Amino acid sequence: MMSVAGVSISWAVLAPIVALSAGGLLIMLVDLVSRSASKTVLYSIGIVSCVASFLALVPLYGHTETTLAGAFASDRFSWAFDVLLLLTLAITLVLSSLRKAEDGGSPGSYAALLVFCTIGGMVMAGANNLIIIFLGIEQLSLSLYVLAGTGFPREASQEAALKYVLLGSLASGFLIFGSALLYGSAGGVGLAALHSAAVSGGTLFIAGFALFLVGLAFKLALAPFHTWVPDVYEGSPLAVTGYMAVAVKVAAFAVLARIAYEVFGQDSFALVPLWSVAILSMLVGNLGAIRQRNLKRLLGYSSIAQAGYMVVALAGVQQSGLNTLLFYLFAYALTSLGAFGVMALLGDGTDAYADLDAYKGLHFRRPWPAAAMALFFFSLAGIPATAGFYGKLLLLQQGFLAGPWGIALAVTLVAGTLVSFYVYGKVVWDMYSYVEGEAAAPSGNAFAPWVAVAAGAVGTIVFGILPQTFTALHL
Amino acid sequence: MQPTPWTVIAIYFVVALVVAGAICVIPGLFTRKRPTKEKLEAYECGVPPTSQFTGRFPIRFYLVAMLFVVFDVETASFYPWAVRLRQLGLFGFTEMLTFIIVLGVGYAYVWKKGGFSWR
Amino acid sequence: MQGFLTTAPFTILSLPLLGTIFIALVGPRVHRSVSAVIGNLSILGAFVLTAMLAWTVWHLPPDAQVVTVKYPPAWAAHPVFWAHIPPLTISFEMRIDALALLWMLIITGVGFLIHLYSVGYMADSHGYRTFFAYMNLFVFMMLLLVMAGNFLWLLVGWGGVGLASYLLIGFDAQRTAAVLAARKALIMNVIGDVGIMVAIFLMYAHFGSLSYKEVFGNVSAANTNALDWIGIWLLLGAVAKSAQLPLQTWLPDAMEGPTPVSALIHAATMVTAGVYLIARAHPIYDHAPFAAMTVAVIGCATAFFAATVGTVQYDIKRVLAYSTMSQIGYMILAVGVGAYAAGTFHFITHAFFKALLFMAAGIVIHNLDGEQDVRKMGGLAKRMPLAFWTFLIGTLAISGIPPFAGFFSKDAIFDQLLTHGHPVLWAFAVATALLTAYYMFRLLFLTFLSGDYRGTREPHAASSTSMAVPTSILAVLSVIGGWLVLPGHDAISAKLEPVFAGALPEMGGINAMVTGIAIAAALVGIAVAWALYGRASQARTKLRTVLSPLRALLLNAYYFDTIYHWLFEVPALTVASDVARYVEPDGVGGFTSGVAGATTKIGDVMRSWETGYLRRYGLTMVIGMVLVLAFYLYLVHGAAAVGMK
């Protein structure tokens with residue numbers, strides 16, 4: 001603990017981010033200095049910095065501390081989210097090892113961007129005032145805009161990057177304008193100041209929060225601010241899409257949870273629009289997924305619906321909500337990364353298996369990947385004995401205890417789940433229906449994606465059958 | 001009525017609008033207008049214009065402009081630091097050193113990757 | 001000593017399971033005899049350990065003879081590993097006491113003999129390995145059932161033995177009859193499982209725990225009405241598993257399984273699980289007089305009912321099945337009136353002589369290439385002397401002739417029925433004893449004596465050693481097994497007293513009148529059987545014509561199957577086929593396809609909205625933003641208008 005010009009700085013709290021930043025810079029330096037540094041070396045540095053950052057996180061477990069004059073915190077809203085972000089980064093780096101020269105971009109800048117993106121997410125998770133939140137969101141977003149375009153030899157990737165950056169700027173505009181209004185209403189940027197403003201709840205605060213929420217909803221892909229999702233998910237390189245689907249949600253939910261508990265602390269009518277967009281998201285996400293023939297688009301719509309589900313955890317801002325949210329986030333992260341892992345495994349890192357037609361009769365060609373994919377789809381749909389099921393159970397519990405809006409959310413969740421059974425069930429059905437002849441798509445068998453698949457499968461099953469293992473972590 | 005800070009801002013806003021508008025409008029009311037061909041051409045630092053403004057700029061232009069802006073804006077943070085350097089002491093010095101190193105890595109990276117070459 | 005007490009139960013339990021796993025994984029890769037050896041050794045090992053455990057426990061002071069063992073050891077006992085639904089935590093708890101030990105001894109001991117017997121009996125079977133895997137699985141589940149320390153684990157074992165029974169009844173899956181019988185058994189058993197589940201829910205509601213220790217410890221605090229309901233639901237489970245009225249119809253059909261299966265599962269062990277359950281839950285029944293009375297009446301009714309049906313059947317195994325049903329009726333009756341020691345004692349002797357009867361019958365069936373109809377047998381005593389003599393011992397034992405095993409246990413039941421003041425039940429029980437002696441000797445005469453061999457298939461007399469040895473051992477046990485309880489020397493009650501936490505009435509006292517009447521009834525039965533079947537008798541044909549309506553009733557087992565067919569199957573099938581024909585295409589199908597059509601329509605609309613044009617996307621977002629803002633402002637002013645602010 002040191003103090004500079006009256007501001008105390010706790011290095012322990014900042015250490016995880018510093019470690020990761022150092023890793024990112026090192027990647028750039030190695031890429032600069034060594035002409036022949038292979039992508040394996042660069043990605044390994046990334047993974048090592050993940051581990052280092054995680055080790056720096058370990059002592060912060062169960063620890064609550066704010067630093068930098070209350071601007072940045074390490075507490076229950078940041079720790080588990082940080083761990084999840086690091087996990088996502090590590091798995092994404094592993095999946096990225098399938099990238100080839102013709103995918104475009106240098107591996108150095110790609111890996112560094114992933115690391116910087118994660119730093120943005122961790123800053124969001126720990127941010128305790130509006131400026132730091134904005135800083136984190138922008139760091140995350142700017143890196144992601146570029147990452148979406150790292151498959152630039154494909155036009156779809158360029159299109160994705162451009163669409164993402166333009167719509168993202170629009171959303172950032174809302175976010176910063178909302179922050180300004182919030183500042184105006186609260187007389188400060190700290191969340192503590194916002195708390196007193198929320199209690200009095202003037203028009204200026206409400207308007208500011210509305211715009212802020214719009215900006216955040218864009219990052220969370222909540223309908224109707226989800227329009228970018230299908231195109232960007234489809235166009236981005238496979239590993240980036242997987243990362244995007246998980247990391248952005250984790251970081252944005254960290255912010256949302258912190259605001260729900262720190263700024264509001266109880267159910268508030270100011271949160272009603274959040275519940276409404278969540279309901280809309282569940283409907284849009286599940287209904288929109290029905291007619292998709294591209295798995296990346298389908299998972300994009302699925303992520304819209306899942307974001308809607310996760311909001312249910314915050315319904316009524318109940319004490320148990322944070323644990324529910326974390327459980328569902330972990331379940332979702334493992335399941336999603338696993339599904340993208342299977343896609344990468346089969347397509348050998350390419351989008352060859354993004355087309356759903358490639359999955360017809362998959363079981364008879366590749367039984368294990370098919371089984372893994374079925375498991376992940378079951379978990380996304382919420383079939384018992386998977387993590388997704390228990391997560392939804394917890395969500396329903398939260399919803400039904402949270403008054404009329406909570407009940408509306410829970411009912412929509414059930415309805416959306418029913419529709420999603422059809423969506424996922426159809427793919428599983430296709431995978432296990434025999435089709436004559438070999439499918440045209442080649443199917444790879446690299447080792448790296450198995451790591452993601454295995455991690456996802458083990459997590460999905462363990463948290464599905466023994467959810468207590470998660471609760472026992474007391475995150 | 002006690003003026004709130006917002007009223008002050010509103011007054012400021014109105015005054016600024018009026019002054020700026022007056023500066024734009026008043027000269028036009030009093031000048032004589034005798035246009036010639038040369039006067040109506042686009043102004044390019046006194047050099048005769050070479051073409052109409054319809055063409056597209058190469059992407060390199062944006063790239064360099066963007067890099068310039070990025071590094072230019074970074075320097076803005078030097079001013080407050082320089083003003084408070086004595087109070088910030090050694091920590092402030094090392095902090096800025098780290099900042100410059102990080103910036104330098106980015107700079108070197110852009111340079112090495114050919115961001116500044118006009119290919 | 002304490003170490004052995006904690007490790008032995010787990011080892012006993014895991015041996016059969018490891019056997020199953022080994023046979024399943026390694027079996028197909030090695031010679032088929034390996035599976036048999038592993039199957040036998042694992043059960044033998046379990047038996048030896050059980051005997052050592054019993055010896056250890058019975059040398060503890062009486063108040064320490066109820067051992068509760070919690071698994072796994074402390075380091076892994078964290079609730080993470082177990083169902084932890086606050087405030088309920090279910091750990092893996094075992095309860096080792098005399099009741100469990102007696103059952104374990106019979107399960108592993110008789111189980112081992114039957115495994116040994118199967119080596120010869122199943123030698124020609126295609127599914128030799130599978131058979132042993134299933135049998136080991138059964139032993140594991142049965143042990144789990146009796147060793148469990150709470151009702152949830154009991155239910156796991158309960159369901160598990162049902163599964164093993166299902167698999168083994170339908171073992172010969174080529175025959176439709178076997179598959180149908182297996183299905184029937186499973187469905188009936190699941191009805192019972194549901195009963196136990198409901199009882200568990202009730203117990204949780206009233207006691208907040210499922211552990212025997214806590215449930216039984218708090219019984220006296222609960223109200224009688226609740227206990228009655230718990231008892232009745234438990235009884236439903238017991239009735240289904242033990243083939244008591246009215247869920248008895250599956251047991252005769254279950255004889256489609258191989259004979260060792262019938263001997264082990266459907267005679268000696270699994271079907272007595274109901275007796276175990278009621279004896280185990282005795283604190284509940286002690287405080288629930290109505291439930292206990294229901295148990296006794298059902299047991300008595302089944303005993304009598306099954307005995308009457310047994311008198312006219314011609315399938316050797318079916319007769320034995322009805323006799324099993326009837327004998328379990330005795331046990332249920334005994335535990336229902338509170339004569340727990342007598343019920344347990346009868347379970348033990350019954351396990352000996354009924355397994356023996358099945359094995360002897362199995363030798364006959366095996367040597368006749370699967371013939372089971374006694375009308376096509378006869379005069380086999382000379383051709384198969386071993387089968388005859390062992391069957392005779394079993395028959396004498398079941399009929400209650402001293403000094404064979406059945407005499408002592410039945411006598412104990414009769415005696416205690418009167419001691420507990422149930423003369424009516426006693427009268428029926430004695431009548432049942434008469435019928436038992438009659439139909440068992442009828443079976444003996446028809447199979448082994450009464451003239452010459454009537455069948456067409458030439459019996460081949462070779463019976464393998466692996467079949468002969470266990471049969472002989474059981475024959476000896478069927479003679480001496482009853483001597484556990486002799487006048488003035490009651491080994492069973494003494495052992496069981498710590499379990500039932502109170503003095504049990506001493507068994508073995510000879511009440512001259514009661515014993516005399518029982519023996520007389522048995523002798524009358526034997527005499528009638530001899531008169532009708534001992535020699536070619538004219539009286540038989542005459543009697544048959546006179547009693548033909550009664551005979552039809554009995555031959556069809558009181559038309560239970562027919563009644564169930566019309567009561568459940570026909571309406572269900574009618575409704576189902578009507579639904580399939582009329583409701584589904586237009587109603588349900590129309591509805592679901594309508595919904596599916598509508599959702600895909602919506603999907604299409606949503607898809608058409610995603611044009612790929614950025615302006616559309618941006619517009620959507622802005623509209624959304626405006627709506628959110630408008631909504632908020634409306635909320636703010638609305639809230640202000642209604643004065644909530």
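Which helices of chain C are included in what covers the buried residues of H21(C)? The cover includes helix H16 (385-399), helix H17 (405-419) and helix H18 (423-448) of chain C. Helix H21 of chain C spans residues 512-534, and its buried residues are C:Ala518, C:Ala521, C:Ala522, C:Gly525, C:Ile526, C:Ala529 and C:Tyr533. A residue counts as buried if 20 or more other C-beta atoms, placed from the backbone, lie within 10 Å of its own. Helices are DSSP runs of H or I with at least four residues, strands are runs of E with at least two, and both are numbered from the N terminus.

The model is predicted; local features need pLDDT of at least 70 and side-chain atom pairs pLDDT 80 or more, whereas totals for chains, interfaces and linings use all residues. Residues are numbered from 1 along each chain as its sequence is written, with chains lettered from A and ligands numbered from 1 in the order in which they are written.

Chain A has 19 helices and four strands, and 64% of its 475 residues are buried. Contacts are pairs of residues whose C-beta atoms, placed from the backbone, lie within 7 Å. Of the contacts in chain A with a separation of 6 or more, 78% join residues 24 or more positions apart. Helix H3 (residues 79-96) of chain A, with 18 residues, reaches 26 Å from its first C-alpha to its last, close to the 26 Å expected at 1.5 Å a residue; the expected span is 1.5 Å times one less than the number of residues. Because 18 of the 18 residues of H3(A) are buried, this helix is largely enclosed by the rest of the structure.

Helix H12 (residues 295-313) and helix H13 (residues 321-347) of chain A pack at an angle of about 170°, their axes 9 Å apart. Axes are lines fitted to C-alpha atoms over the stretch in contact, and angles run from 0 to 180 degrees between N-to-C directions. H12(A) and H13(A) are therefore roughly antiparallel to each other (angles over 145 degrees). Residues in this contact include A:Leu295 and A:Tyr309 of H12(A) and A:Tyr328 and A:Met343 of H13(A).

Between chains C and A, the contact takes 27 residues from chain C and 31 residues from chain A. H25(C) supplies the largest share of the chain C side, 15 residues. That side divides into 16 nonpolar, eight polar and three charged residues (nonpolar: Ala, Val, Leu, Ile, Met, Phe, Trp, Tyr, Cys and Pro; charged: Asp, Glu, Lys and Arg; polar: the others, Gly among them).

Terms used
A residue is buried if 20 or more other C-beta atoms lie within 10 Å of its own, exposed if 12 or fewer, and partly exposed in between; C-beta atoms are placed from the backbone. Two residues are in contact if their C-beta atoms, placed from the backbone, lie within 7 Å. Angles under 35 degrees count as roughly parallel, over 145 as roughly antiparallel, 65 to 115 as roughly perpendicular and the rest as oblique.
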